[in-house]
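Please keep the sequence and the structure in view while reading.

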Amino acid sequence: MRQAQTLNEAQLRRVIHYCRSRRHPIRDETIILVSFYAGLRAKEIAALTVGNIFDEDGAIRTQFILSAQQSKGGQTRTVYLNQRLRKALREYGDYIRLADPQRPLFTSQKGGHFSANTMCQLFLDIYKAIGLKDASSHSGRRTYITRLANKGVGVRLLAALAGHSHISTTQRYIDVNSDQLSEAVELL
């Protein structure tokens, strides 16, 4: 099975720009940013609730616990939110009702939680519309892990952030390209 394409910064900007032209621009852009800056799977994004992200006072959390029901493999894990993502979530929070912490963070056309399949289809529709034929719902996750690895984050930390039990799984997510290889040999 082919790995999902990792995106560079220019491609991510194109995705975000396209999201802004869609029917639900703020929701779709925020979903993309959660994928790229928290490394969550489509299933996990679909299962997020308002209470995961916003505290009782409506403030953005810096981290939250993804429950066993929300994650793959039935294991809880802590998800950390960086400043850029917290800013986007704060802006998204201005457009949704924050009163009910059990409410889906991202609502589908029907008003409830996205299913995992519907969330995957949302990603595919967005990527296909801008011509990224090898991108999928896992592209944000692979890009997240690859970017952190390229910045020197160790594979054990990456595995913990990704919620992987084995570092060998995490290693398969890290994309290697010719630019990286060229830069690596110059370190000598």
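T170 is buried, with a relative accessible area of 0%; "buried" denotes under 20% relative accessible area, "exposed" over 50%, and "partly exposed" the range in between, computed with a 1.4 Å probe on protein chains only. This residue, T170, belongs to helix α9 (residues 167–173). Helices here are DSSP runs of H or I with at least four residues, strands are runs of E with at least two, and both are numbered from the N terminus. When residues up to four places away in sequence are not counted, T170 touches I145, V155, L158, A159 and H164, where contact means heavy atoms within 4.5 Å.

The model is predicted, so local features need pLDDT of at least 70 and side-chain atom pairs count only at pLDDT 80 or more, whereas totals for chains, interfaces and linings use all residues. Residues are numbered from 1 along each chain as its sequence is written, and side-chain values use heavy atoms, with hydrogens and water left out.

**Helix packing**

Two packed helices are described by the angle between their axes and the distance between the axes. Axes are lines fitted to C-alpha atoms, for helices over the stretch in contact, and angles run from 0 to 180 degrees between N-to-C directions.

| Helix pair | Distance between axes | Angle between axes |
|---|---|---|
| α1 and α2 | 8 Å | about 155° |
| α2 and α7 | within 6 Å | roughly 35° |
| α1 and α6 | within 10 Å | roughly 105° |

How are α1 and α2 oriented to each other? Helices α1 and α2 are roughly antiparallel; angles under 35 degrees count as roughly parallel, over 145 as roughly antiparallel, 65 to 115 as roughly perpendicular and the rest as oblique. On the α1 side, the contact is made by E9, L12, V15, I16 and C19, and on the α2 side by P25, D28, E29, I32, L33, F36 and Y37. This contact of α1 with α2 has nine nonpolar, no polar and three charged residues. In this classification, Ala, Val, Leu, Ile, Met, Phe, Trp, Tyr, Cys and Pro count as nonpolar, Asp, Glu, Lys and Arg as charged, and the others, Gly among them, as polar.

Helix α1 is also roughly perpendicular to α6. Here V15, Y18 and C19 of α1 meet I126, Y127 and A129 of α6. The contact of α1 with α6 has six nonpolar, no polar and no charged residues.

From α2, the residues S35, F36, Y37 and A38 meet S139, G140, R141, T143, Y144 and R147 of α7. The residues of this contact divide into four nonpolar, four polar and two charged.

**Residues in and around α2**

I31 is found in helix α2 and is buried, with a relative accessible area of 0%. Beyond four places in sequence, I31 touches I45, F106, F114, M119, L122 and F123. F106 is itself buried, as is Y92.

The rings of Y92 and F106 have their centres 5.1 Å apart and their planes at 40°, so the pair is tilted. Rings of Phe, Tyr and Trp (its six-membered ring) pair if their centres lie within 6.5 Å; planes under 30 degrees apart count as stacked, over 60 as edge-to-face and the rest as tilted. Y92 lies in helix α5 (residues 83–93) and F106 in the loop between α5 and α6, 14 residues apart.

R22 is placed in the loop between α1 and α2. Its side chain makes a polar contact with the side chain of D28 at 2.7 Å. A polar contact is a pair of N or O atoms within 3.5 Å; within protein, one must be able to donate a hydrogen and the other to accept it, and residues adjacent in sequence count only if both atoms are side-chain atoms.

R41 lies in the loop between α2 and α3 and, at 9% relative accessibility, counts as buried. The side chain of R41 makes a polar contact with the side chain of E44 at 2.7 Å. Among the residues that R41 touches beyond four places in sequence are K72, R141 and H164.

**The segment before α1**

N8 is located in the segment before α1 and counts as partly exposed at 42% relative accessibility. A polar atom of the N8 side chain lies 3.1 Å from the backbone nitrogen of A10, and one lies 2.8 Å from the backbone nitrogen of Q11. The C-alpha atoms of N8 and T143 are separated by 8.0 Å, although these residues are 135 apart along the chain.
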